[in-house]
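Let's walk through this protein together, one element at a time. Keep the sequence and the 3D view open side by side as you read.

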Amino acid sequence: MASPYHPDLAARARLLPRGVARRWSVPLLKRLMRWAGARTRSVAQEVPLGECSVFVYRPRDGAPRRRPALLWIHGGGLLFGDARQDEALLRRVVRKLGVVVASVQYRFAPEHPFPAPLDDCARALTWLSRQEDVDPARIAVGGASAGGGLAAALCQRVRGPGAGPRPIFQLLVYPMLDDRSSARADVEDRLLRLWDRRANAIGWGSYLKGHDPDRPPPLAVPARAEDPAGLPPAWIGVGDRDLFHDEDLAYAAWLERGGVQVELELVRGAYHGFDAIDRDAPISRAFHDAQLDALARHLGL
């Protein structure tokens, strides 16, 4: 029987769990990711920003000029993770494109539900826009999974006059956009890897703690926004073995109906987080190349 996963990914996909977030596992994952981050021999400079911080990656050419920048928001289901977990990709962005990258160490649910994580990301965006070596007119925001959802929400938050620095591009890597996906009855859970409906319910339930789950507050759930007017162009990448596949395609269509330029990268046979698990697989390298290419074009490089 043929594998449902791309040939580059099938071997490891067989060994992966359907979902990593369970009530018993979330505290362990929080501690594990914190420990792994502390053990990372990062080249980034950590800058405290009150209740959050940013890890900043700068080009080493020493050129005294303002550069485009990327605000990056890591994944982890809104529950766990570390700003240094995507360091290999972020260092490549800096090296290839010569931009400044700031990765946000934001607070996690359920200890810090909405709007705390989004507030942290907004604080980081404001800080980045004020740096002497950053061109505030050429800032992109991006993120993976929950980080992609926070990036989308951040773009919605700052699009109004006086709401804060306005990014010119959003890079959304299999973004977590819609809490309602947890209740879908048409999903084949057996084909999912790393993030299933059960994990999704825990993530969203923790993030929306204290709010009506049927009527979450504005900006909490990007897919529930009513009007895409004023949002920047978007790149959205997702695999068709990902729980977020349908909600990501629906979000892309919603943006396009509102006149927002969208580039959609659909990866056949790819599960959630495939490029982090099988980083050296040809399909993962091509996925990363597509992200760098989109960033370069939209930042005018």
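What follows is a tour of the sheet, the aromatic pairs and the salt bridges.

This is a predicted model, in which local features need pLDDT of at least 70 and side-chain atom pairs count only at pLDDT 80 or more, while totals for chains, interfaces and linings use all residues. Residues are numbered from 1 along each chain as its sequence is written, and side-chain values use heavy atoms, with hydrogens and water left out.

Start with the sheet. It is open and has 8 strands in the order β1-β2-β4-β3-β5-β6-β7-β8, with mixed pairing. Strands (E, at least two residues) and helices (H or I, at least four) are DSSP runs numbered from the N terminus, and two strands pair if DSSP finds at least two bridges between them. At the edges you will find β1 (45–49) and β8 (262–271); each has a single partner strand, so one side of each is left without a neighbour in the sheet. From one strand to the next, the twist averages 20 degrees.

For a close look at one pairing, go to β2 (residues 52–57) and β4 (residues 100–105), which run antiparallel over 5 bridges. Here Val 54 stands opposite Val 104 in β4. Now move along to helix α7 (residues 245–257), which lies across β6 (169–173), β7 (234–241) and β8, running at about 150 degrees to β7. Axes are lines fitted to C-alpha atoms, for helices over the stretch in contact (heavy atoms within 4.5 Å), and angles run from 0 to 180 degrees between N-to-C directions.

Next come the aromatic rings. Rings of Phe, Tyr and Trp (its six-membered ring) pair if their centres lie within 6.5 Å; planes under 30 degrees apart count as stacked, over 60 as edge-to-face and the rest as tilted. The count by this rule is 8 aromatic pairs. One of them is Tyr 5 with Tyr 271, edge-to-face at 6.3 Å centre to centre and with 85 degrees between the planes. This pair links distant parts of the chain, with Tyr 5 in the segment before α1 (10–13) and Tyr 271 in strand β8, 266 residues apart. Both Tyr 5 and Tyr 271 are buried, where buried means under 20% relative accessible area, exposed over 50% and partly exposed in between (1.4 Å probe, protein chains only).

Tyr 174 and Phe 287 make a stacked pair, 6.2 Å centre to centre with 10 degrees between the planes. Tyr 174 sits in the loop between β6 and α6 (197–207) and Phe 287 in helix α9 (residues 282–298), 113 residues apart. Tyr 174 is buried at 5% relative accessible area, and Phe 287 is buried at 2%. Ring pairs link Tyr 174, Trp 235, Phe 274 and Phe 287 into a cluster.

Finally, turn to charge. Side chains of opposite charge can pair when their charged atoms come close. A salt bridge here is a side-chain nitrogen of Lys or Arg within 4 Å of a carboxyl oxygen of Asp or Glu, and the count comes to 21. Arg 184 bridges to Asp 186, with the closest N and O atoms 2.9 Å apart, and to Asp 246 at 2.7 Å, N to O. Arg 184 is in the loop between β6 and α6, whereas Asp 246 is in helix α7, 62 residues apart. Arg 184 counts as buried at 19% relative accessibility, Asp 186 as exposed at 57%, and Asp 246 as partly exposed at 37%.
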